[in-house]
Amino acid sequence: RVERAQDCAQWPWLRRLYENDGTLTTLNLQGKFIVDEVAAKIATALEKNSALTTLYLSDNKVGAEGAAKLATALEKNTALTLLKLPVNRIGDEGAAKLATALETNATLTTLD
């Protein structure tokens, strides 16, 4: 809990994700130096978030580990319709995890 409080102080948008803030429907984190550790925190919040529909994570440093965490979140999330991930480092392994998640996610319509 202490770590989550510290993270939310550093990234106010993360607090809003965790709290399922209904006014946060689009989150643009393009080029914000998001790494696997932060992607994992986003993924944890997305598992229970029912408000966010659009997430831009383009031009970051998300690798296969971060993509795998996001894939796990997509298996549970029922709100996200668009996820942008170009210009990251997800590689074949991360792409495969995301593709597998799409087999169970009926909401996501755009994954780039």
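In which loop does Asp59 lie? The legends below answer this and describe other close-up views of a predicted model, in which local features need pLDDT of at least 70 and side-chain atom pairs count only at pLDDT 80 or more, while totals for chains, interfaces and linings use all residues. Residues are numbered from 1 along each chain as its sequence is written, and side-chain values use heavy atoms, with hydrogens and water left out.

View 1. Four strands form an open sheet in the order S1-S2-S3-S4, with parallel pairing; strands (E, at least two residues) and helices (H or I, at least four residues) are DSSP runs numbered from the N terminus, and two strands pair if DSSP finds at least two bridges between them. At the edges stand strand S1 (26-28) and strand S4 (110-111), each of which pairs on one side only.

**View 2. The pairing of S1 with S2.** Strand S2 (residues 54-56) and S1 pair in the parallel sense over three bridges. Here Thr26 has Thr54, in S2, as its bridge partner.

View 3. Asp59 lies in the loop between S2 and helix H4 (64-76), and although Asp59 is not a glycine, its phi is positive, at about 60 degrees. With a relative accessible area of 42%, Asp59 is partly exposed, a class that falls between buried (under 20%) and exposed (over 50%), as judged with a 1.4 Å probe and protein chains only.

**View 4. Val87 in another loop.** Val87 is placed in the loop between strand S3 (82-84) and helix H5 (91-102). Val87 has a positive phi of about 60 degrees without being a glycine, and at 58% relative accessibility Val87 counts as exposed.
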